[in-house]
Amino acid sequence: MKILASDYDYTLHFKDGIKPKDLEMIQTFRSNGGLFGLVSGRAISSLLHEVHKYQIPYDFLIGVNGGFILDNGGHEIFKTTISTKTAKALIQYLNKHTPQSYTLHNGYDLARKIFTEDFKLNIDLEFKDIDTLFEKPVSGFFINYKTEEDAMLAQLDMNKKFPDVYAQQNANFVDITAPNVNKARGIQKLIDHENWGHDVWVIGDGQNDKEMIENFNSF
């Protein structure tokens, strides 16, 4: 049994959407007995929105850089959260150091604060206010910086100041999750839980794909 896990943004999905040929090949792969899923830094609600929008066939979804795992029925297999105290401390940090914007989420609901951002985030979902979001545990942040260098420096600083979370650079963004979360560990948790074989292939393009590219057959 072959398992194929693909990053979403700028790997399967580009500014003009998803190529019909790619969707056709995913379906052919699954028809031949393969298992296909998305593995992304996006929140689960955002991934589900994209799946329904483009009618992407899938057997699993891994979101929040490995922090959430769903089966093909949309049932949670695994999820992680960040302590409320740490999440609020991160907000204070970001409000002081002012990136272009930051978004926080609980895996499904999202809240966003914009400082100087001048483009529309590629997430077609309704945003809640931050206080409302804190009614449930926060699972992650994604933070937009002006340059990749700004993101790299911020990631290093936050990993130093907040040891109970994990900050990963992804181009000019920084993704923040619970500690010990990455895409490779998410994939491994999934295949262990489902008792699938280990013929695993992954496709990715960014820094947050590094661990899975190093640990599995990769493109």
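This is a predicted model: local features need pLDDT of at least 70, side-chain atom pairs count only at pLDDT 80 or more; totals for chains, interfaces and linings use all residues.
**Helix α3**

I looked up α3 and found 14 residues, 84–97. From first C-alpha to last it reaches 20 Å, close to the 20 Å expected at 1.5 Å a residue.

Next I asked which residues of α3 are buried. They are Thr-86, Ala-87, Leu-90, Ile-91, Tyr-93 and Leu-94. These residues cover an arc of only 165° around the axis, so they sit on the same side of α3. The face turned away from that side carries Lys-85, Gln-92 and Lys-96, which are exposed.

I then checked what the buried residues pack against: β6 (101–105), α4 (130–133), β9 (140–144), α5 (148–161) and β11 (173–177). Just after α3, I noted a positive phi of about 40° at Thr-98.

**Aromatic pairs**

I searched the whole structure for aromatic pairs and got six. One of them is Phe-60 with Trp-196, tilted, at 5.9 Å centre to centre and 50° between the planes. Phe-60 is in strand β3 and Trp-196 in the loop between α6 and β12, so the pair ties together parts 136 residues apart in sequence. Phe-60 counts as buried at 1% relative accessibility, and Trp-196 also counts as buried, at 15%.

I also looked at Tyr-102 and Phe-115, a tilted pair with 6.0 Å between centres and 45° between planes. Tyr-102 belongs to strand β6, and Phe-115 to the loop between β7 and β8, 13 residues apart. Tyr-102 is buried at 0% relative accessibility, whereas Phe-115 is partly exposed at 27%.

**Charges over rings**

I found Lys-88 over the face of Phe-134, 5.3 Å from the ring centre. The charged end of Arg-112 sits over the ring of Phe-127, at 5.9 Å from its centre.

Methods: Residues are numbered from 1 along each chain as its sequence is written. Side-chain values use heavy atoms; hydrogens and water are left out. Helices (H or I, at least four residues) and strands (E, at least two) are DSSP runs, numbered from the N terminus. The expected span of a helix is 1.5 Å times one less than its number of residues. Buried means under 20% relative accessible area, exposed over 50%, partly exposed in between (1.4 Å probe, protein chains only). The arc is that of the directions from the helix axis to the C-beta atoms. Contact means heavy atoms within 4.5 Å. Rings of Phe, Tyr and Trp (its six-membered ring) pair if their centres lie within 6.5 Å; planes under 30 degrees apart count as stacked, over 60 as edge-to-face and the rest as tilted. A charge sits over a ring if NZ of Lys or CZ of Arg is within 6 Å of the ring centre and within 35 degrees of the ring normal.
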